[in-house]
Amino acid sequence: MILEVMSLDLTERKRRILRAIIENYIATAEPVGSKSIAQSAGLDISSATIRNEMADLEALGFLEQPHTSAGRIPSPKGYRLYVNELMEAHRLSELETQRINEALRLKMQELDKVIGQVGRIASQLTRYPTFALAAGTGRVTIRRFDLLMVESNAFIAVLMTDNNVVRNRLMRLPTDLSETQLGLLNTLLNTTFTGLTLEEITPELMRVASHAAGEAYGLISLVVSFGMEVLQEHATKLVHTAGITSLLSHPEYRSLERAEPLMNYLAEIEGIDSLALPKNEQTNILIGPENVAAALQDTSVVMASYDIGDGMKGVIGVVGPTRMDYAKVTARLSYFADGLARLFGKNELPQGEKEE
């Protein structure tokens, strides 16, 4: 569940101090003291005043103090306010957009290879583990079959799914088939195997097998198997992870005891597959306890979704410490998602802004 953050009682000065603390901690991974904030927040006030403001922010739940003598670090509530209201949009550099576009140009390869390469490039750019997945958006069935005679021993099977995907295949037979027989086969397929999901087709095919003659069943099975391949294509979830060992380069995970559970979680395809696709929004940020999985309770997950077409949806995401640079990560993933949506939908690359 996303944390609800009320910031109405924060003065502009408190907001600037909180933002400076979070960005300082993102950069250093060290608790932040009043002296460093006096230099970076751009406020003409004393360290004593900043300490008082930091104490107020801690009392309000936006900061935490890991040790009595140490500076403060952001809490999940503080990160949520930062993501919602305080951080500035990050503008990608020309080098970043160039590297992303190079990965996106792999569209002509299979989808599986494309999302794998995208995940690897995203991990290299962010220095965090990434996951990239593609999945069907819901229940898919065959809407209709059309069988077109080519020769006496060959016909083309055309099928359309209920999400308007059209596929065709040339079927060659060992014996001749008449137009009348092909018409009867077409009628049987449309009255028996349309409106069924992949799971529902197999028992129906077995039922038909008990009534149809061997040669007729062979023809039925030939076309239905083709239909099952198309449905399987949309039922399969393609998942790739990349850069899992990059966790060890971050201070939070230099202890193998802390890093190992998260690395094991990321290595399990089932674990990544359980992450919900963002609904009705292109980007989604889950901070610390907002994550459902126990292995992610001390991490943040940033996801960006995109439409692949043919009833498929994709997600590219980053997993890392709550100290991650949300602005940069969100900008990069959003650019990837926009580029993938444009490639699969319009065969064009996104027009990125160059950093000034």
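1. L188 counts as partly exposed because its relative accessibility is 29%; on this scale buried means under 20% relative accessible area, exposed over 50%, and partly exposed in between, with a 1.4 Å probe and protein chains only. L188 is found in helix α7. Leaving aside neighbours within four places in sequence, L188 is in contact with F193 and I220, where contact means heavy atoms within 4.5 Å. L188 and I220 are 32 residues apart in sequence, yet their C-alpha atoms are 8.5 Å apart in space.

2. Some remarks on the basis of these values are in order. This is a predicted model, in which local features need pLDDT of at least 70 and side-chain atom pairs count only at pLDDT 80 or more, while totals for chains, interfaces and linings use all residues. Residues are numbered from 1 along each chain as its sequence is written, and side-chain values use heavy atoms, with hydrogens and water left out.

3. The chain has 12 helices and 10 strands; these are DSSP runs numbered from the N terminus, helices being H or I of at least four residues and strands E of at least two. Of the 356 residues in the chain, 46% are buried. Among contacts with a separation of 6 or more, 63% join residues 24 or more positions apart.

4. Helix α7 covers residues 179–192, and its 14 residues should span 20 Å at 1.5 Å a residue; the end C-alpha atoms are 20 Å apart, which agrees. The expected span is 1.5 Å times one less than the number of residues. The buried residues in α7 are L182, L185, N186, L189 and T192. Seen down the axis of α7, these buried residues fall within an arc of 155°, so they line one face of the helix; the arc is that of the directions from the helix axis to the C-beta atoms. On the face turned away from the buried side are the exposed residues E179, T180, L184 and T191.

5. L198, I201, E204, L205 and V208 are buried in α8. Viewed down the axis of α8, its buried residues fall within an arc of 110°, so they line one face of the helix. The exposed residues E199 and M206 sit on the face of α8 turned away from its buried side. An α-helix has 3.6 residues a turn, so residues three or four places apart point the same way.

6. Which residues touch the most other members of the largest nonpolar core? They are I17, L18, Y326, L333 and F336, in a core of 54 residues. A nonpolar core is a set of buried Ala, Val, Leu, Ile, Met, Phe, Trp, Tyr and Cys residues joined through side-chain atoms within 4.5 Å. Helix α12 (residues 326–346) gives the most to this core, with nine residues. Apart from this core lies another, of 27 residues, among them L182, F193, L205 and V230.

7. The packing of helix α1 (residues 12–28) deserves attention. With helix α3 (residues 47–59), α1 packs at an angle of about 85°, the axes being 10 Å apart. That makes α1 roughly perpendicular to α3, a term for angles of 65 to 115 degrees. Axes are lines fitted to C-alpha atoms, for helices over the stretch in contact, and angles run from 0 to 180 degrees between N-to-C directions. R13, K14, I17, L18 and I21 in α1 meet T49, I50, E53, M54, D56 and L57 in α3.

8. Helix α4 (residues 76–86) also packs with α1, at an angle of about 110° and with axes 10 Å apart. The two helices α1 and α4 are therefore roughly perpendicular to each other. The contact involves R15, L18, R19, I22, E23, Y25 and I26 of α1 and G78, Y79, L81, Y82, E85 and L86 of α4.

9. Most residues other than glycine have a negative phi. A29, although not a glycine, has a positive phi of about 60°; A29 lies in the loop between α1 and α2 (34–40) and is buried, with a relative accessible area of 14%. R127 likewise has a positive phi, near 65°, and lies in the loop between α6 (111–126) and β3 (130–136).

Key
Angles under 35 degrees count as roughly parallel, over 145 as roughly antiparallel, 65 to 115 as roughly perpendicular and the rest as oblique.
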